[in-house]
Amino acid sequence: MDWTNRKESFLNLPTPLEYLETISKEQGVHFYIKRDDVTNLGFGGNKLRKLEYILKDARNQNATMIITRGAVQTNHGRLTAAAAAKYGMKCAIVCIGEYPGELSANLLLDRILGAEVIIKKPNGRPIEEQYKELIKQVCSRYEEQGERVYYTPMGGSDEVGSLGYYECAKEIAAQTKGKEFENARLFCSVGSVGTYMGLYCGLQEVENSLHLTGVAIMPFDEEKDKEVGALYKRVKTLLGKETGDLPEFHIEKGYVRGGYNQPSPEVREAVYYMARKEGIFLDPCYTGKCFAGILEMIREGKIKNGETIIFLHTGGGPGLFTRHHREAFEEELMAGVHLLEEDGEF
C-alpha cells in the first residue's frame, strides 16, 4: 500500500514503547506500554492515527467540514475537531445523551477548538434510529449553508480509519523484534472496534508472534459481534485481501464494569496504581478499564507469571475531568487535601 497517497502525515511517529519497571516487578510480568497517548494534537490519543486517513479521504472529496458522532464526552470528537482545525476545516459533533450541566473536559476542548456540538436528549426510541435521523438533519443543515460535508462514524471506526492501526501494527512489530518479545500479548481497549480491527489485520501481515487481546469497555451482544465481523470484511476488502471465513477474535468481554463510561471503583484503583507507580495517567472510560481488566486477569491466572505484556495506551486523559467521574475521584481523594486557615499550621 502507498501510505503517502492514503493519509495526511501530521503525527510524530513512531510513538514510544516503554518498559514499566515497578509494575513489572510487582505484577510478576514484563510490562510494556505503547504511548499512543502522546501523539501531538489535541492532547493526543489513538483516534489521531485514524484521522490521518480520514482527513486525507475528506480532502480528496473537497470537503469543507467534518461531522462525526459520539457520546457527549467523546474523545474522537475532540481529536476530529483538532485535526479539522489544523487543516482549516469546520467540525460538528453530534451526540445523543444528557448535557452534564457544565462545559468541561472534552466538551470544553471541543469548543476551544471551534467545533459545534449538538446534544440531543434521548427519547426512548432505539439509539441508532435517533442518530440516523439527527445526523441526516445536521448534515442537511450545514450543506444548505454551503458546506461540503464529510461524515465519519463514532470513533472514526470504519475501514478508512482502521488503516491507522493497520499501519500501527507494523510499527509495533518493528519495535518488538527480539527474544524478549516472543509470544508477547498486546492488549487494547475495544469500544467502536476500529483500533482493534486495524491491529488485527495488520498483525496478520507481518512476521511476529504477538497475540492480540481486546478488552471490551462496553457490553457486547450479538449485534456488536456482527459489527466486528462486518468491519473485518470491509477492512480486508479495502486492503484488496481475501476475507474467507471469519476468524476468532480474542476480545475479553467480562470486564465491562457496569457499562460504557460508568464510574467504577476498580477502574479508579487501576488509575491510581498506574499514576502512583509509573507517573502515567489513564482515563476512566477506556484505558483505566482495560488496565483494570489486565490486573484482574493477572490475579485470575489468565495472564501467567513471567509473560510479556504490551498495553496500548490510547489516550483519553480529559475524561478524568468529566463531571460524574471527577466527583467520584474527589470523594475518594479529598482526604489528602489539607485546607489551612490563614494562620493555621499543618
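Okay, some ground rules. Residues count from 1 along each chain as its sequence is written, and side-chain values use heavy atoms, leaving out hydrogens and water. Since the model is predicted, local features need pLDDT of at least 70 and side-chain atom pairs 80 or more, while totals for chains, interfaces and linings use all residues.

Let's start with helix H4, residues 75–86. Helices here are DSSP runs of H or I, at least four residues, strands are E runs of at least two, and both are numbered from the N terminus. So how buried or exposed is H4? Ten of its twelve residues are buried, so the rest of the structure largely encloses H4. Buried means under 20% relative accessible area with a 1.4 Å probe, protein chains only. Among those buried residues are His 76, Leu 79 and Ala 84. Just after H4, Gly 88 has a positive phi of about 70°.

Now, rings. There are 14 aromatic pairs in the structure. Rings of Phe, Tyr and Trp (its six-membered ring) pair if their centres lie within 6.5 Å; planes under 30 degrees apart are stacked, over 60 edge-to-face, the rest tilted. Take Tyr 196 and Phe 249: their centres are 6.3 Å apart and their planes at 75°, so this pair is edge-to-face. Tyr 196 is buried too, at 1% relative accessible area. Elsewhere, ring pairs join Phe 31, Tyr 273, Phe 291 and Phe 311 into a cluster.

How values were computed
Buried < 20%, exposed > 50% of the residue type's maximum accessible area, 1.4 Å probe, protein only. Expected span 1.5 Å × (residues − 1).
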